[in-house]
Amino acid sequence: MPPFEHFYLEHRSEVLRLLRRRVGPERAEDAFQETFLRALQAYRRLEHGHHLRAWVLTIAGNVAIDTLRRTRPQSELAETGADDDRPAFEELAPLTDGLPPKERAAVVLRYGYDLSYDQIAAVLGSSEEAARQAASTGVRRLRRRSQ
Amino acid sequence: MTVSPDLDQRFREAAVSMGLVDMGFDVVDSPVGPLFVAASELGLAAISFDPEPESQLERLARIAGPCVLRSPRSVDGARRELDQYFEGKRRGFDLSLDLRALPPFTISVLQELARVPYGETTTYGALASRVGRPRAARAVGTVMNRNRIPIVLPCHRVVGSSGNLVGYAGGLDRKVTLLELEGAL
């Protein structure tokens, strides 16, 4: 496996180009960040460094789909997805749409990425307690919405 | 499509915040030239006088895992203490160190090396005696030559038995500069 830095420098321009084409310039930057964070999270579990370009472009493609999905109406969402085998956190994305940004981030990071509250606090730039609060308020709000 | 510095920085910051980086590195300016500095969650892992990361990253990946990423924040602590050291405001380092993958003899020599006080020198033979291997001066020399964390682990304070400076992996000029900075020359 090449060090992640080499992999990132080699592919970042192409990934950004693909994302701008697929989701538009306004949403491309967030999608770019999400693509490489997903890649980094999975990187040390890869068994070899073959086909890394195809691999990262696939991740970017999935992120683009998720990004577009988030802006579609709920009814359409119910009909698509659900039957694919992508990781749970991607499924959370459309579900948590409509939550205030901090709560949404806390819920996705906690229940999707399985991060601890101190890690979430670091991402959100808040205290651990505030991260815990945001996740639990978010979940309560989602429950109310599904009733 | 160029990735803007701002976007690049945001990704690197987020990667570190989320604890996804095995080893972070950056280049730090110093009076002895730009330094390549790398740190993991365990602590400072490498300082190199060769600021080009290319030659270093594979080695770091073998030590810590493949998630090696340039990220200024990972080396903030080291940067601060190095700055203070070069300004003459710091005589010892409080950084924790990542000495993974080093053999036991090397670690015991480096631990003794870390005790050599600021502004003083010792010899290869004296260091060998202190680790209980009085005849291993040459092996101690090899450990100094391969020291992964120069400056912080002060191999510049080790000189020949006749007081001559002998050598330095970063070049003798740098050894002289560091010893002068500490008032040892």
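A residue is called buried if 20 or more other C-beta atoms lie within 10 Å of its own, exposed if 12 or fewer do, and partly exposed in between, with C-beta atoms placed from the backbone. By this rule B:Ser4 is exposed, because 10 other C-beta atoms lie within 10 Å. B:Ser4 sits in the segment before helix 1 of chain B. From B:Ser4 to B:Leu57 there are 53 residues in sequence and 23 Å in space, C-alpha to C-alpha.

This is a predicted model, in which local features need pLDDT of at least 70 and side-chain atom pairs count only at pLDDT 80 or more, while totals for chains, interfaces and linings use all residues. Residues are numbered from 1 along each chain as its sequence is written, and chains are lettered from A and ligands numbered from 1 in the order in which they are written.

**Chain A and its confidence**

The pLDDT is the predictor's confidence in each residue, from 0 to 100. Chain A has a mean pLDDT of 81, and 78% of its residues reach 70 or more. Helices (H or I, at least four residues) and strands (E, at least two) are DSSP runs, numbered from the N terminus. In chain A, confidence is highest in helix 1 (residues 4–23), at a mean of 97, and lowest in helix 4 (residues 74–79), at 45. The pLDDT is below 50 over residues 74–88 of chain A, a stretch that has five contacts in the model beyond near neighbours in sequence. Where pLDDT is low, the predicted coordinates should not be read in detail.

Chain A has eight helices and zero strands. Of its 147 residues, 31% count as buried. Two residues are in contact if their C-beta atoms, placed from the backbone, lie within 7 Å. Among contacts in chain A between residues at least 6 apart in sequence, 55% join residues at least 24 apart.

**The domains of chain B**

Chain B is divided into domain 1 (5–86) and domain 2 (104–181), with bounds that come from an automatic or database domain assignment. The C-alpha centres of domain 1 and domain 2 of chain B are 24 Å apart. Eight residues of domain 1 of chain B and nine residues of domain 2 of chain B take part in the contact. On the side of domain 1 of chain B that touches domain 2 of chain B, the largest share, four residues, comes from strand 3 (residues 44–48) of chain B. That side has eight nonpolar, no polar and no charged residues. Here Ala, Val, Leu, Ile, Met, Phe, Trp, Tyr, Cys and Pro count as nonpolar, Asp, Glu, Lys and Arg as charged, and the others, Gly among them, as polar.

Helix 3 (residues 76–86) of chain B has B:Ala78, B:Leu82 and B:Tyr85 as buried residues. Seen down the axis of helix 3 of chain B, the buried residues fall within an arc of 60°, so they line one face of the helix; the arc is that of the directions from the helix axis to the C-beta atoms. The buried residues of helix 3 of chain B pack against strand 1 (23–28), strand 2 (35–39) and strand 3 of chain B. After helix 3 of chain B comes B:Gly88, with a positive phi near 80°.

| Residue | Phi | C-beta neighbours within 10 Å |
|---|---|---|
| B:Ala101 | about 70° | 12, exposed |
| B:Val166 | near 70° | 16, partly exposed |

B:Ala101 lies in the loop between helix 3 and helix 4 (104–114) of chain B, and B:Val166 in the loop between strand 6 (158–159) and helix 7 (172–181) of chain B.

**Where the chains meet**

In all, 22 residues of chain B are in contact with 23 residues of chain A. Helix 1 (5–17), helix 2 (54–64) and strand 4 (68–70) of chain B are the elements that give two or more residues to the chain B side. Helix 1 of chain B gives the largest share of that side, six residues. By class, the chain B side has 15 nonpolar, four polar and three charged residues.

**Nonpolar cores**

A nonpolar core is a set of buried Ala, Val, Leu, Ile, Met, Phe, Trp, Tyr and Cys residues joined through C-beta atoms within 7 Å. The largest has 64 residues, and A:Leu19, B:Val37, B:Ala38, B:Leu60 and B:Val68 have the most contacts inside it. Helix 1 of chain A supplies the largest share of this core, eight residues. A second, separate core of 11 residues includes A:Leu99, A:Val107, A:Val108 and A:Tyr117.
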